[in-house]
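Welcome, and thanks for taking a look at this one with us. Please open the sequence and the model side by side, and then follow the tour below.

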Amino acid sequence: MNVLEIESLKKSFDGREVLKGISLSVAEGEVVAVIGPSGSGKSTLLRCATLLETMDGGALRYLGRAAAEPGRDGKTVYADAQALKEIRSTFGLVFQNFNLFPHYSVLRNIIDAPMCVQKRSRAEATETAMALLEKMGLADRAEAYPYQLSGGEQQRVSIARALAMGPKMLFFDEPTSALDPELTGDILRVIQSLAKEKMTMLIVTHEMAFARSVADRVIFMAGGVIVEEGKPEDVIDNPQNERTRAFLTKLTR
């Protein structure tokens, strides 16, 4: 079963078409990496998929349920507020610069949404949070504040925060780009452990080694379209499209 389905997604900013009819799906338990040059539309795709940006055209579905569908005039029509609220609980989003609340402790950063949005008790939310911090190797940092953590620790807290809501799917927007190279390995290990647990993930990344080691499928985007997709060893190591080859050659120089 597909957790995410996107059909013919179009998005323009100030008359400039950034996404030109993107269609993709992510099956349950699948890890998909999206690569491509800056300005190719990767982050806009992710923002549209997570309802942070509105689509101009196309359809968006989670577990077969429509978040957005084309109207009679071809423009996208969104589901009502209650339906969108329920659909939002399907997925979690991990940002590249962590987006933790600086004035909240690590624990409060994680328990806040389950308590406020899902109306879970403090005891239940805390139990879940502590189990996730243990999993992230951060059980002793529950009372620390974000400024007291390294970048890698902050990113692990933001992954725990996303998981605390019990999502069916996680989105990552360049999860290692704000980190030193040695900390990238920490985040890769966390994401690999989630992949082993069959967590469905879509990861926008510029790290080819990261994409190769964690993804079941790689999508290469350029100029607002999907140029090539397939297994990591095919797309990264043996690309068929000239644009993919040019992009990867530039990276390895």
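Does Lys-119 count as buried or exposed? The model is a predicted one, and in it Lys-119 has a relative accessibility of 67%, so this residue counts as exposed, the cut-off for that class being over 50%. Lys-119 sits in the loop that runs between α3 (106-116) and α4 (122-135). Its backbone is worth a look too: phi is positive, about 60°, although Lys-119 is not a glycine.

Glu-174 also has a positive phi without being a glycine, with a value near 50°. You will find Glu-174 in the loop between β8 (169-173) and α6 (181-196). With a relative accessible area of 11%, Glu-174 is buried, because that class takes in values under 20%.

Which strands pair with β8? One is β7 (residues 91-94), which pairs with β8 in the parallel sense over 4 bridges; in this pairing Gly-92 stands opposite Leu-170. Another is β9 (residues 200-204), which runs parallel to β8 and is joined to it by 5 bridges. On that side, Met-169 stands opposite Thr-200. If you trace the chain, β8, α6 and β9 make a right-handed β-α-β unit.

## Aromatic pairs

How many aromatic pairs does a search of the whole structure find? The search finds 4.

Why does the pair of Phe-101 and Tyr-104 count as tilted? The ring centres are 5.1 Å apart and the planes stand at 55°, so the pair is tilted; that class lies between the stacked limit of 30 degrees and the edge-to-face limit of 60. The two residues fall into separate accessibility classes: Phe-101 is partly exposed, with a relative accessible area of 38%, whereas Tyr-104 is buried, with a relative accessible area of 13%.

## The largest pocket

Rolling a probe the size of a water molecule over the atoms shows where empty space is left. The largest pocket has a volume of about 660 Å³. It is lined by 21 residues, and the closest to its centre are Arg-88, Phe-91, Gly-92, Ala-113 and Met-165.

Which elements each supply at least two residues of the lining? They are α2 (81-88), β7, α3 and α5 (151-163). By class, the lining has 10 nonpolar, 6 polar and 5 charged residues.

Technical notes
Residues are numbered from 1 along each chain as its sequence is written. This is a predicted model: local features need pLDDT of at least 70, side-chain atom pairs count only at pLDDT 80 or more; totals for chains, interfaces and linings use all residues. Side-chain values use heavy atoms; hydrogens and water are left out. Buried means under 20% relative accessible area, exposed over 50%, partly exposed in between (1.4 Å probe, protein chains only). Two strands pair if DSSP finds at least two bridges between them. A crossover is right-handed if, with the strands pointing away from the viewer, the path from the first strand over the helix to the second runs clockwise. On a 1 Å grid over the protein atoms alone, a cavity is a set of points where a 1.4 Å probe fits but cannot get out, and a pocket is an open set with protein on both sides within 12 Å along at least five of seven lines; lining residues have an atom within 4 Å of a point. Grid points are joined across faces, edges and corners, and a volume is the space filled by probe spheres set on the points. Ala, Val, Leu, Ile, Met, Phe, Trp, Tyr, Cys and Pro count as nonpolar, Asp, Glu, Lys and Arg as charged, and the others, Gly among them, as polar. Rings of Phe, Tyr and Trp (its six-membered ring) pair if their centres lie within 6.5 Å; planes under 30 degrees apart count as stacked, over 60 as edge-to-face and the rest as tilted.
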